[in-house]
Amino acid sequence: MERAFEMRRLAIERGDQPYGAVVVLAGRIVGEGVSAVVTEKDPTAHAEMQAIRDAARRLGTQDLSRCELYGTSRACTMCEAGAYWAGIARMYHGEAVTDAGAPRLR
């Protein structure tokens, strides 16, 4: 979670929204994301989506079923759906590292 908050600080420094996220596999960070909605002018560039994309690229697969997603805040509906389709096993958010469970389609 500490790295997710570092990503959040980076997003703020870049002039974007204050969100960061990481994808973790077996205790190792395999994807990182900063919010790039403002800087990239992309409404889908949420930190969680960026982290999922990064993990898929690094691992060479869209199947992230053995991974967990850590974000600085609770995932929005779009990001939770992205985590669901990627197969993310579990999501956590916030400084208290709140367990949000497995992603669901709403």
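Student: Where does Arg 90 lie?

Tutor: Welcome! Arg 90 sits in strand S4, and the model we are reading is a predicted one. With a relative accessible area of 32%, Arg 90 is partly exposed.

Student: Which residues is Arg 90 in contact with, leaving aside its neighbours within four places in sequence?

Tutor: The list is Cys 67, Glu 68, Leu 69, Asp 99, Gly 101, Ala 102 and Pro 103. With Asp 99 there is also a polar contact, side chain to side chain, at 3.0 Å.

Student: Let's turn to the inside of the protein. How should I read a nonpolar core?

Tutor: The general idea is that nonpolar side chains tend to be buried together in soluble globular proteins. In this structure, the largest nonpolar core has 19 residues, and those touching the most other members are Val 23, Ile 52, Leu 64, Cys 67, Leu 69, Ile 88 and Met 91.

Student: Which elements give two or more residues to this core?

Tutor: They are S1, H2, S3 and H3. H2 supplies the largest share, five residues. Another core lies apart from this one; it has eight residues, including Ala 4, Ala 11, Val 22 and Tyr 92.

Student: What does Val 23 touch, not counting residues up to four places away in sequence?

Tutor: Its partners are Arg 28, Ile 29, Val 30, Gly 31, Ala 51, Ile 52, Ala 55, Cys 67, Glu 68, Leu 69 and Ile 88.

Student: Now a helix. Which residues of H3 are buried?

Tutor: In H3, which spans residues 77-86, the buried ones are Cys 79, Glu 80, Gly 82, Ala 83 and Ala 86. Look down the helix axis and you will find them within an arc of 155°, so they line one face of H3.

Student: What covers those buried residues, and which exposed residues are on the face turned away?

Tutor: The cover includes helix H2 (47-59), strand S3 (67-71) and strand S4 (90-93). On the face turned away from the buried side, the exposed residues are Thr 77 and Trp 85. Just after H3 comes Gly 87, with a positive phi of about 85°.

Student: How do I read a pair of aromatic rings?

Tutor: Such a pair is described by the distance of the centres and the angle of the planes. Searching the whole structure gives two aromatic pairs. Tyr 70 and Tyr 92 are stacked, 4.9 Å centre to centre with 15° between the planes. This pair links distant parts of the chain, as Tyr 70 is in strand S3 and Tyr 92 in strand S4, 22 residues apart. Tyr 70 is buried, at a relative accessible area of 15%, and Tyr 92 is buried at 15%. The pair of Tyr 84 and Trp 85 is edge-to-face, with 5.1 Å between centres and 85° between the planes. Here Tyr 84 is partly exposed at 36%, and Trp 85 is exposed at 64%.

Student: And the cysteines: how many disulfides does a search of the whole structure find?

Tutor: A disulfide is a covalent bond between the sulfur atoms of two cysteines. The search here finds zero. For Cys 67, the nearest cysteine sulfur is that of Cys 79, 16 Å away.

Technical notes:
Residues numbered from 1 in each chain as written. Predicted model: local features only at pLDDT ≥ 70, side-chain atom pairs only at ≥ 80, totals over all residues. Heavy atoms only, no water. Buried < 20%, exposed > 50% of the residue type's maximum accessible area, 1.4 Å probe, protein only. Helix = DSSP H or I, 4+ residues; strand = E, 2+ residues; numbered from the N terminus. Arc of directions from axis to C-beta. Contact = heavy atoms within 4.5 Å. Phe/Tyr/Trp six-rings, centres within 6.5 Å; stacked < 30°, edge-to-face > 60°. Disulfide = S-S within 2.5 Å. Polar contact = N/O pair within 3.5 Å; in protein donor to acceptor, adjacent residues only side chain to side chain. Core = buried A, V, L, I, M, F, W, Y, C linked by side-chain atoms within 4.5 Å.
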